[in-house]
Amino acid sequence: MIGFAERIPGGKPAFHQHLRRAVMSIYKRILVATDFSNINLLAAKRAAKLAKLDNCELILLHVIEHFPANGGGPLASVFQSNSAQNDALAREVLGRLDEFKRSLGHEETRTEFRITPRSARSEILRFAKSHEVDLIVVAPHGQGVIGSLGSTATGVLNNADCDVLAVREDGEDG
């Protein structure tokens with residue numbers, strides 16, 4: 001009979017390792033949608049800690065909402081007509097995602113970005129579903145918003161097919 005406090009190789013109590021596996025193995029893929037704000041960095045750091053606990057895949061996603069005016073008429077966005085600007089935007093976003101990733105200290109983090117005619121909320125939900133995400137981690141609001149849960153976070157929370165973790169702004173990241 002194995003004693004409650006019996007240890008396994010590596011010095012950790014067997015019970016605690018089994019409990020950690022049982023609790024954390026429900027998440028295999030964690031998605032963090034980010035706008036690069038400080039509160040999003042806190043949310044991403046929390047997600048990275050969760051991912052490290054059980055070797056979950058961690059994905060950072062940045063969504064650029066692109067609503068072309070009248071389908072390509074004279075007010076159409078630069079995204080449709082200027083591939084040089086599109087390439088520059090892609091390089092800038094990928095650079096910012098890479099910086100954000102490095103600040104997490106989670107080397108295996110995957111980065112993605114989308115330019116979409118849908119809302120950020122819709123694209124986050126679509127991405128989560130198509131990539132079989134188990135947990136979406138969101139900040140309560142994005143850049144420049146103070147107060148209650150923002151519309152993107154609320155939309156994700158109310159419509160996701162998976163668990164959603166909304167990280168409190170006054171939390172510690174350490």
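Student: Is E112 buried or exposed in this predicted model?

Tutor: Buried means under 20% relative accessible area. E112 comes out at 17%, so E112 is buried. You will find E112 in strand β3, which covers residues 110-116.

Student: Which side chains make polar contacts with that of E112?

Tutor: Look for pairs of N or O atoms. The side chain of E112 has a polar contact of 3.1 Å with that of R110, and another of 2.9 Å with that of R114. Leaving out residues up to four places away in sequence, E112 also touches I59, L60, L61, H62, L97 and F127.

Student: Now to D134. Where is D134 placed?

Tutor: D134 sits in the loop between α5 and β4. Its relative accessible area is 23%, so D134 counts as partly exposed.

Student: What does D134 contact beyond its neighbours within four places in sequence?

Tutor: The list is I26, Y27, K28, R29, C162 and D163. For K28 there is a further detail: the D134 side chain reaches the backbone nitrogen of K28 at 2.5 Å. Also, D134 and D161 are 27 residues apart along the chain, while their C-alpha atoms are separated by 8.5 Å.

Student: Which residues of helix α6 are buried?

Tutor: In α6, residues 151-159, the buried ones are A153, G155 and V156. They cover an arc of only 165 degrees around the axis, so they lie on the same side of α6. S151 and N158, on the other side, are exposed.

Student: And what covers the buried residues of α6?

Tutor: The cover includes α5 (120-130), β4 (135-138) and β5 (163-166).

Definitions and conventions: Residues are numbered from 1 along each chain as its sequence is written. This is a predicted model: local features need pLDDT of at least 70, side-chain atom pairs count only at pLDDT 80 or more; totals for chains, interfaces and linings use all residues. Side-chain values use heavy atoms; hydrogens and water are left out. Buried means under 20% relative accessible area, exposed over 50%, partly exposed in between (1.4 Å probe, protein chains only). Helices (H or I, at least four residues) and strands (E, at least two) are DSSP runs, numbered from the N terminus. The arc is that of the directions from the helix axis to the C-beta atoms. Contact means heavy atoms within 4.5 Å. A polar contact is a pair of N or O atoms within 3.5 Å; within protein, one must be able to donate a hydrogen and the other to accept it, and residues adjacent in sequence count only if both atoms are side-chain atoms.
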